[in-house]
Amino acid sequence: MPEYLGVDTSNYTTSAAVYISEENRIYQCKKLLPVKDGELGLRQSDAVFHHTKQLPEMIEKLFGENSIKAPEVVTASSRPRNIDGSYMPCFLCGEGLARSYAAITGAEMFTTSHQVGHILAALYSADRLKLVKERFIAFHVSGGTTDCLLCEPDDDNIINVTEVGTSLDLKAGQAIDRTGLMLGLHFPCGTELEKLAVGADKMFKVKPVLKDGSCCLSGVENKCGNMLKKGESPENIAKYCLDFIAETIIAMTGYAIEKNGQLPIVFAGGVMSDVIIRDSILEHFPLASFAEPQFSCDNAAGVAIYGYLKSMGVR
């Protein structure tokens, strides 16, 4: 069986991965894009520059450190979502490499969305890839998304994704990073904020704001700012932020189940690697599946698996 190369050049991470189907094993290399202290992200022009520099390094490391044959299938994430008008220049870096590789080697090439890649990586990590043949609910929660999605088998895209709910303002990852920078942490702030929250000594009442299954998270930043001005400890502020996000996702999940019935639930995206948030969700939905951290944060594993599923005719 051929190896399957995946490339993902999101606005946060340069990622390359190879899926070995006979071993059901992923080899991957990835590197965060550099962000200056105090800043919340990168302009697209800067992201493109850093991907152009880092992508060859990731490919060299991936194939230099592992005994991997030249892949016969290459897949790139070429857009954030599978919807009209979904576009970010940074994805041109990965797509360009994939097109060049396919043209030189004759490899079969596919493209998918960054979001589908996240969902497939979570399914792989949770040993639930068979769900691509069923209906299920997936969450994609990161710096750019807080999406609750109905996923169904699809002839063209492996899974068809329909939005059930989203954030109407601030995204969960943005709320975490803005709170973290407010507390003097370094972007991306998720890991440091989680460590800080472990030391909290207060419990706060949290009331999620939902409108027809979609959430509003801008109040988190304002509340955390007010708490800081009033002298609340950084540990308690961090815990409040994470608890608010957890309760919001729990409420969104309940809405999705009410609308679509009891379906398998899978959580993907970098925010879902937070243990505090994950444990809160599992208290309410103990059968839900989560990706391991290396497959939660931006990665190319799901993109590589997409190429495998397409080339094998999995519909």
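Trainee: Is T253 buried or exposed?
Mentor: T253 is buried in this predicted model. Its relative accessible area is 0%, and buried means under 20%.

Trainee: Where does T253 sit, and what is it in contact with?
Mentor: T253 is part of helix α7, which covers residues 234–260. If you leave aside neighbours within four places in sequence, T253 is in contact with F139, I265, F267 and F285.

Trainee: What about M58, buried or exposed?
Mentor: M58 counts as buried, at 6% relative accessibility. It belongs to helix α1, residues 44–64.

Trainee: What does M58 touch, apart from its neighbours in sequence?
Mentor: Setting aside neighbours within four places, M58 is in contact with T14, A16, C29, K30 and K31. Strand β2 runs over residues 13–20 and strand β3 over residues 25–32, so you can look for those contacts there, given that a contact means heavy atoms within 4.5 Å.

Trainee: How far is M58 from K239?
Mentor: Their C-alpha atoms are separated by 35 Å. Along the chain, M58 and K239 are 181 residues apart.

Trainee: Back to β2 and β3. How do they pair?
Mentor: They pair in the antiparallel sense, over 8 bridges.

Trainee: Which other residues have a positive phi without being a glycine?
Mentor: D127 is one of them, with a phi of about 60°. I158 is another, at about 70°.

Trainee: Where are those two?
Mentor: D127 is in the loop between α3 (114–125) and β6 (136–141). I158 is in strand β8.

Trainee: And is each one buried or exposed?
Mentor: D127 counts as exposed, at 67% relative accessibility. I158 counts as buried, at 2%.

Trainee: Where is the cis peptide bond?
Mentor: It joins F187 and P188, with an omega of about -10°. P188 lies in the loop between α4 (172–182) and α5 (190–197). As background, most peptide bonds are trans.

Trainee: You mentioned β8. What sheet is it in?
Mentor: β8 is in an open sheet of 5 strands, in the order β8-β7-β6-β11-β12. The pairing in that sheet is mixed.

Trainee: Which strands are at the edges?
Mentor: β8 (158–165) and β12 (289–290). Each of them pairs on one side only.

Trainee: How does β7 pair with β8?
Mentor: They run antiparallel, and 7 bridges join them. Strand β7 covers residues 146–154. Within this pair, P153 stands opposite I159 in β8.

Trainee: What holds paired strands together in general?
Mentor: Strands of a sheet pair through backbone hydrogen bonds, either parallel or antiparallel.

Trainee: How many residues of β4 are buried?
Mentor: 7 of the 7, over residues 73–79, so β4 is largely enclosed by the rest of the structure.

Trainee: Now the whole chain. How many helices and strands are there?
Mentor: The protein chain has 10 helices and 12 strands. Its radius of gyration is 19 Å, close to the 20 Å that the globule rule gives for 315 residues, so the chain is as compact as a globular protein of that length.

Trainee: What share of the residues is buried?
Mentor: 54% of the 315 residues count as buried.

Notes
Residues are numbered from 1 along each chain as its sequence is written. This is a predicted model: local features need pLDDT of at least 70, side-chain atom pairs count only at pLDDT 80 or more; totals for chains, interfaces and linings use all residues. Side-chain values use heavy atoms; hydrogens and water are left out. Helices (H or I, at least four residues) and strands (E, at least two) are DSSP runs, numbered from the N terminus. The radius of gyration is taken over C-alpha atoms; the globule rule is 2.2 Å times the number of residues to the power 0.38. Buried means under 20% relative accessible area, exposed over 50%, partly exposed in between (1.4 Å probe, protein chains only). Two strands pair if DSSP finds at least two bridges between them.
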